[in-house]
Amino acid sequence: MLSLSRWRQTRILLIGASAMGMDSSMDKDIGCETTRKRRHVTVVGAGIVGINCALQAVKSGHVVVVLDREAPGQGCSFGNAGLIARSSFVPLSSPRILAEVPKWLLDPLGPLAIRWTYLPRLIPWLVRFVRAGNLKQVHQTAAALQTLTDPSVELYQQLAKEAGVGSLVRASDYIYVFETKKAFAKAAFDMELREQLGVRVERLRGGEVRDLEPTLADHFKFAYRLLDHGFTVDPEGLVKSLADHFRRLGGDIRRCEVKDAEFGPRDVTALITDDGRLETDVVVLAAGAYSGPLARTFGVTVPLDTERGYHVTLPDPGVMPKRPVMSGERKFLVTPMAMGLRFAGTVEFGGVVAPANYARARALLALGGHMFPGIRTDGYSEWMGLRPTLPDSLPVIGSSPKFDNVIFAFGHQHIGLTAAPKTAQIIAELIDGRTPNVDIRPFRPNRF
Ligand SMILES: Cc1cc2nc3c(=O)[nH]c(=O)nc-3n(C[C@H](O)[C@H](O)[C@H](O)COP(=O)(O)OP(=O)(O)OC[C@H]3O[C@@H](n4cnc5c(N)ncnc54)[C@H](O)[C@@H]3O)c2cc1C
């Protein structure tokens, strides 16, 4: 049994600023140098978002337990493309993307697919998605997402160093490559929006592309080079290393599935799991694509769906680009990693239950050969992951409107790795009752 009733005896302690290696500047923020409420925080979900939230909370001096039915980093955070995508704040729904959708849907193994049996359930989500694609909202969403993505590279460099795994995170540029001038020109809107928000973008043509990245095939004649990005060479390893660091700071991680909760008038008093009951002061819901039903239990209904994505990883490709490379036409990302060369991307709507269609992953193999001549694919591994996505491309970050001690941190779509550390700082501020230093109103749980 997980019953931790003895926790409640010590629920509110006054602790010193140096406890658990916390940052004493946080106490200065609330004008209180020496005291703060120590709370029992339960984080649901040991993906990159949950583990980052747990780590920040334990560093703030709280008693933190993470619950997950699997080991850390086995969900969507296992197999992503590893890009610390500082400038990926352009929302998924935009006039340009919506114009491409009909063409993409004609190719069953192309960048976008819908399982047609799932379409009736998806239609309300799609309607909201299309509505969010107007120019005014695109600019507002980009500005909101940038508050999460902008500090990502520095935050990860610092976190990885603290965790003793600095080599897992690399600062880098990243390139979008194109075969046709037409596709290159169509991407100009996204790139100009990035530049308006301060991102440094270079335009490369002809031989300049291959001079920068000689592994690419000759037919890639156009590229945008985005500076000041980063990547991890091992997304699963990064989650596990941060989880180990969290444990070393006194955090606890348990394997169980959260099924339900017990409630007081304005708070959740305990979580019910398949391994017993756990009393808690604060709940942080970071269960990725599975967060919808639990969010409903905790007082809010959100139109969360999943964009299923795929990867193949080649252990001995014989070709290793120096930096992450995005195919501008086919919308997949290639990242040099510790375990090989990873091709990741594509979007498939089909819900959380349907089995994977690995033909979509294998389609990336052929595209890889087209991009990097002579590439070896022997021994490749394939994977499918569930991106948690709201139709307005914004995550849900904030307190439950119904239960004061429940905080949401899910729905980070294509940028969950990138946005996790800043999300975690916000969650730590909310746990402490402080006002986050960025505007979190765009992420509010009851916006739908
Ligand atoms: C192909 C692909 C490429 C991507 N590339 C990038 C990239 O380059 N850069 C980037 O920033 N992002 C990328 N992403 C997105 C990123 O991987 C996700 O946004 C991120 O992993 C989501 O993290 P999470 O912690 O919210 O969810 P998850 O990693 O899925 O973690 C959620 C956890 O909650 C647990 N859980 C769920 N329900 C319960 C329950 N009831 N009880 C207990 N545990 C529960 C699950 O077991 C899981 O471990 C990519 C995604 C895909 C699919």
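These are my notebook entries on what I looked up in this predicted model.

**Entry 1: ground rules**

I am working with a predicted model, in which local features need pLDDT of at least 70 and side-chain atom pairs count only at pLDDT 80 or more, while totals for chains, interfaces and linings use all residues. Residues are numbered from 1 along each chain as its sequence is written, and side-chain values use heavy atoms, with hydrogens and water left out.

**Entry 2: the ligand**

I found 36 residues surrounding the ligand, and the closest are D68, S77, Q413, H414 and T418; a residue counts as near when one of its heavy atoms lies within 4 Å.

Next I looked up polar contacts, which are pairs of N or O atoms within 3.5 Å; within protein, one atom must be able to donate a hydrogen and the other to accept it, and residues adjacent in sequence count only if both atoms are side-chain atoms. A backbone N or O atom of R69 lies 3.4 Å from a nitrogen atom of the ligand. The side chain of N80 has an N or O atom 3.1 Å from an oxygen atom of the ligand, and a polar backbone atom of G82 is 3.3 Å from a ligand oxygen atom. Taken alone the ligand exposes 1,000 Å², of which the protein buries 97%; such areas come from the Shrake-Rupley method with a 1.4 Å probe, and for residues only the protein chains shown count as cover.

I also noted which elements give two or more residues to the shell around the ligand, and these are α3 (48-59), β4 (63-68), β15 (305-314), β19 (381-389) and α14 (416-431). Helices (H or I, at least four residues) and strands (E, at least two) are DSSP runs, numbered from the N terminus.

Is Y310 buried or exposed? Y310 counts as buried, because its relative accessibility is 1%, and the cut-offs are under 20% relative accessible area for buried, over 50% for exposed, and partly exposed in between (1.4 Å probe, protein chains only).

The side chain of Y310 makes a polar contact with the side chain of E348 at 2.6 Å, and a polar atom of the Y310 side chain also lies 2.9 Å from the backbone nitrogen of N357. I wrote down as well that Y310 and G110 are 200 residues apart along the chain, while their C-alpha atoms are separated by 12 Å.

I then turned to Q146 in helix α6 (residues 135-149), where the side chain of Q146 reaches the backbone oxygen of L197 at 2.8 Å. Q146 counts as buried, since its relative accessibility is 15%.

**Entry 3: salt bridges**

How many salt bridges are there? The count comes to 27, with a salt bridge taken as a side-chain nitrogen of Lys or Arg within 4 Å of a carboxyl oxygen of Asp or Glu.

I looked up R86 and D150, whose side chains meet in a salt bridge at 3.5 Å, N to O. The pair links distant parts of the chain, 64 residues apart, with R86 in the loop between β5 (83-84) and α4 (95-105) and D150 in the loop between α6 and α7 (152-162). R86 is buried, at 13% relative accessible area, whereas D150 is partly exposed, at 36%.

A second pair is D244 and R247, with a salt bridge of 3.1 Å, N to O; both residues lie in helix α11 (residues 235-248), three residues apart, which is about one turn of the helix. D244 is partly exposed at 35%, and R247 is partly exposed at 37%.

**Entry 4: cysteines**

I searched for disulfides, meaning pairs of cysteine sulfur atoms within 2.5 Å, and the structure holds zero. C76 is in no disulfide, and its nearest cysteine sulfur, that of C53, is 15 Å away. C76 is partly exposed, with a relative accessible area of 25%, whereas C256 is buried, at 4%.
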